[in-house]
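Dear colleague,

Please find below the structure that I am handing over to you, followed by a summary of what was found in it.

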Amino acid sequence: MIFSLPSLVNVLALLFLVFFIYSVLGVFLYSGIVRGDILGDFANFSNFGNAMILLFRCSTGEDWHIIMYDTMRVEPDCVEGETCGS
């Protein structure tokens, strides 16, 4: 048990690094998206902390497909430069 702790720390550090990179990208690309079915006050990409929590929700499988559809706004729901993600 004690010998597996360094390996477990390495895996958790790698997972945190991946979450960190994708949270920064999510805030950069999707901070201007209007709220949808799942994206709301606490589940959004408006800041880094909320993006980390949202990515954790996606990694556990909780409504990830609905979050994906909320970020894929297309015509006529999408107004270029205002409600689109990028």
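**Aromatic residues**

F16 and F20 are four residues apart in helix α1, so about one helical turn separates them. Helices and strands are DSSP runs numbered from the N terminus, a helix being H or I over at least four residues and a strand being E over at least two.

Please note that this is a predicted model, in which local features need pLDDT of at least 70 and side-chain atom pairs count only at pLDDT 80 or more, whereas totals for chains, interfaces and linings use all residues. Residues are numbered from 1 along each chain as its sequence is written, and side-chain values use heavy atoms, with hydrogens and water left out.

How many aromatic pairs does a search of the whole structure find? The search finds three. F16 and F20 make a tilted pair, with 6.4 Å centre to centre and 40° between the planes. In such a pair, the ring centres of Phe, Tyr or Trp (its six-membered ring) lie within 6.5 Å; planes under 30 degrees apart count as stacked, over 60 as edge-to-face and the rest as tilted.

F20 also pairs with F48, this time edge-to-face, at 5.2 Å centre to centre and 65° between the planes. Because F20 lies in helix α1 and F48 in helix α2 (residues 48-60), this pair ties together parts that are 28 residues apart in sequence. Together, F16, F20 and F48 form one aromatic cluster. F20 is partly exposed, with a relative accessible area of 37%, and F48 is also partly exposed, at 34% relative accessibility. Here, buried means under 20% relative accessible area and exposed over 50%, with partly exposed in between (1.4 Å probe, protein chains only).

**Overall fold and surface**

The protein has three helices and zero strands, in the order α-α-α along the sequence. Of its 86 residues, 24% count as buried.

A nonpolar patch on the surface is formed by L14, F16, L17, V18, F20, I21, Y22, V24, L25, F28, L29 and F48, which together have about 1,200 Å² of accessible area. Patches are made of residues with over 30% relative accessible area and no salt bridge, like charges being joined within 9 Å and nonpolar side chains (Val, Leu, Ile, Met, Phe, Trp, Tyr) within 5 Å. The areas come from the Shrake-Rupley method with a 1.4 Å probe, and for residues only the protein chains shown count as cover. Helix α1 (residues 5-30) gives the most to this patch, with 11 residues.

**Pocket and cavity**

Which residues line the largest pocket? They are Y22, L25, G26, L29, Y30, F45, L55, C58, W64, I67, M68 and T71. Helices α1, α2 and α3 (64-71) are the elements that give two or more residues to this lining, and the largest share, five residues, comes from α1. The largest pocket holds about 200 Å³ of space.

The structure also has one cavity of 30 Å³ or more. The largest cavity has a volume of about 60 Å³ and is lined by Y30, S31, I33, V34, R35, L39, N44, F45 and S46. On a 1 Å grid over the protein atoms alone, a cavity is a set of points where a 1.4 Å probe fits but cannot get out, while a pocket is an open set with protein on both sides within 12 Å along at least five of seven lines; lining residues have an atom within 4 Å of a point. Grid points are joined across faces, edges and corners, and a volume is the space filled by probe spheres set on the points.

I33, one of the residues lining the cavity, sits in the loop between α1 and α2. I33 is buried, at 5% relative accessibility. I33 and T71 are 38 residues apart in sequence, and their C-alpha atoms are 7.1 Å apart in space.

A search of the whole structure finds one salt bridge (a side-chain nitrogen of Lys or Arg within 4 Å of a carboxyl oxygen of Asp or Glu). R57 and E62 form the bridge, their closest N and O atoms being 3.8 Å apart. E62 is partly exposed, at 41% relative accessibility.

D63 is found in the loop between α2 and α3. Its phi is near 55°, a positive value in a residue other than glycine, and D63 is partly exposed at 29% relative accessibility.

With kind regards
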